[in-house]
Amino acid sequence: MERRLAIKQILIAAGGLVLLPSCLKHEGKSSILLSRIDVSATQEKILAEIAEVIIPKTDTPGAKDLNLHLYVLKMLDDCYEKEEQDKFFIGLGYFKDLDQQEIKALVIAANSEKDDVPKDLYPFYNLMKQRTISGYMNSKYVMSNLVIWELVPGRYNGYFPVKTA
Amino acid sequence: MSNLNIDSIKKQTFDAIVIGSGISGGWAAKEFTEKGLKTLVLERGRDVRHLIDYPTTNKYPYEFEHRGELTLAIKKENPVASKCYAFREDAMHFFVKDKEHPYVQEKPFDWIRGYQVGGKSLLWARQTQRWSDFDFEGPARDDFAVDWPIRYADIAPWYSYAEKFAGISGNKDGLAELPDGDFLPAYPLNAVEDHFRNSLNKNYGNRHVISARCAHLSEPKQIHFDQGRGKCQNRKLCQRGCPFGGYFSSNSSTLPWAQKTGNLTLRPFSIVESIIYDEKLGRASGVRVIDTNTKEVTEYFAEVIFVNAAAINTNLVLLNSISSRFPSGLGNDSGLLGKYFAFHNYSARINAEFDGLLQYTTDGKNPSDGGYIPRFRNVQKQETDFKRGYAAGFSAYRSTDNDTTGIGADLKSALIRKDLGPWRVGSHMMGETIPKESNYLKLDTTQKDAWGMPLLRINVDYDDNDAKMKKDYINQMTEMFTVAGFKNIQVNDASQSPGLDIHEMGGVRMGHDPKTSLLNKWNQLHACKNVFVTDGACMTSTSTQNPSLTYMALTARAVDYAVKQLKRGDLLV
């Protein structure tokens, strides 16, 4: 894990960021501007992995393609009480230092409410799942391609026949 | 006055002044300017130009930072405004923020405001029904408030006049309690709304579900094209301002119309501090205006003044217009200014499910919101233990069941499948409340707002009649739902505060007698003949209908009268 982090920091440096010595003690920050919560680049990456387990890339784009984890962070930052934010980070803590496979296993366990999943992971998971879904349904991709949202319907039919298979 | 030279007085002199640019002020502006009067319209908020100042109108949900939701900070800063269903990320710029415009709630009252050119006409729910004589005769028959000085016959031609211009869609339903109007085609009921209508027809004599009558251009006519408006495109994003002018607002309709005459001067950022009463002439001479940006005070003069500041602020302007002739507010010889204030009782709703007619769903959007149930209680005669009655909204939609329990690829396909579930039906009550002296508005004697205007104190509450009526609505609607085969009936006894109905009325009521009312049958102050009030403040009683159409008709009628009187010189004596 530490090695991965070190590599990541090198990559960030290579990407143009100047890493002052004092900054080496801190992880990089979230890629979006947040005002009430403090999110590290590592946490952001974990959230991206979790969102991808919930809404994976298939023949259509998944959570990472649609940056759903950034939407979750934006909503968490602006729309939730501090208590709820704190609970979110407590739950997120269980994913610390897990690799991709372990993250996936824990998300699947949480989703099926397995007995060995810690109770205080759920406030995090429920918010994460609900917001990942709403971010997905409200994404440009879904609204343009899968469940079309019409700006100008121009019609109303109160007796629209239901297609039968 | 002494510091003004003749030129600047001339520049500040008009034939007519209209205070407020919302639904009734816009009508006053249109009528005066069409009749050739140089008219100044004063609006306390900023300008909102049709098409130009609708910043969100063509946005997709994903273009909003929070996908339409309110942030915690905005909710906390706006505990009142954020209760309104339309105060969301896409339209909150058209609402007054609580902090900027405080008021004193002696009892909880949710005062929802839109301070801008167009006022709340940008935001309204666009439901438009005529009153009948069952409504105008209500106070006299049931012994409350005072007798209305007008009857249906007085206003009927003006309803037609307003409907033709605004564009009202509806059916001629032939109901005595809800007179037919000059309608554009109605938006038809859907399968389950029709089912409920048929069930009521079969099982109850006098209960009807009709297509909601609304201010949408279902099939525009030449008069609407002439306004630059087009057919409603069923967007149902009305609160953002409509790029098609599909629904009626001052911004899309009356104000541009008035502008075209060349007789309109629109002055935004203008708070009317008071109406100036000229003791020598025995009439109002003009208004004192505070510029909201510079706080500079300017006086404007005119021969006739229409107060259309929206019900509560109209009361404020009159209460704050003090002179030695009128020490307690302009025209307030009766001492009743600000009293007998009322609203609509919206405090209950009912939802249920229906698992029939599953061969149908809906496609597109219905701008009328579905069905309307006119008042059926105590119409012909008193028959319950409460006075008056309630109308109700009724609508149905086909639900979609999205199973979100899964995860991964399964979840993805479940989310986009949109399996159809049962129909969901809902109704909300719109009850008439009885105006009472104990429901009042008054000025705070010490606290002032940022412009030096005294804060309003609002003391309005439900009463026992409202409670009984609500109980009856819940019982009757539950029974009607049951008879129609609706299941899983859920009553939401919302107990919302008065005000959230956004149908505040009264305080400057009309009546025959100057001792018991402020305005005569022409909406003219009994005691100051060149001042008229034609917004919600003039209402003697509230009935159950959404009030805006009545304000439009009363306004057009009052302007017609005022201009005739002006030409005869009768307003100026």
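Two strands pair if DSSP finds at least two bridges between them. Strands, for their part, are DSSP runs of E with at least two residues, helices are runs of H or I with at least four, and both are numbered from the N terminus. In chain B, Ile17(B) stands opposite Ile305(B) in β9(B).

Before going on, the ground rules. This is a predicted model, where local features need pLDDT of at least 70 and side-chain atom pairs count only at pLDDT 80 or more, while totals for chains, interfaces and linings use all residues. Residues are numbered from 1 along each chain as its sequence is written, chains are lettered from A and ligands numbered from 1 in the order written, and side-chain values use heavy atoms, without hydrogens and water.

Back to the sheet. It is open, has 6 strands in the order β5-β2-β1-β9-β22-β21 (chain B), and its pairing is mixed. At the edges are β5 (264-267) and β21 (524-525) of chain B, each pairing on one side only.

Next, the records for chain B. UniProt positions are given in the numbering used here, feature names are shortened, and annotations may be inferred rather than shown by experiment. An unreviewed UniProt entry places "domain: Glucose-methanol-choline oxidoreductase N-terminal" at residues 197-321 of chain B. That span is 26% helix and 26% strand, with its end C-alpha atoms 50 Å apart. The unreviewed entry's feature "domain: Glucose-methanol-choline oxidoreductase C-terminal" is placed by UniProt at residues 435-554 of chain B. Residues 435-554 of chain B are 22% helix and 27% strand, and the end C-alpha atoms lie 20 Å apart.

Now the interface. How many residues of chain B are in contact with chain A? The number is 47, against 46 residues of chain A, with contact meaning heavy atoms within 4.5 Å. Between chain B and chain A there are 4 salt bridges, each a side-chain nitrogen of Lys or Arg within 4 Å of a carboxyl oxygen of Asp or Glu. Glu81(A) and Lys76(B) meet in a salt bridge through their side chains, at 2.9 Å, N to O. On chain B's side, the elements giving two or more residues are α3 (72-77), α7 (191-203), β13 (360-364) and α11 (409-417) of chain B.

Finally, β13(B) is joined by 4 bridges to strand β1 (residues 156-161) of chain A, and the two run antiparallel. There, Phe160(A) stands opposite Thr361(B).
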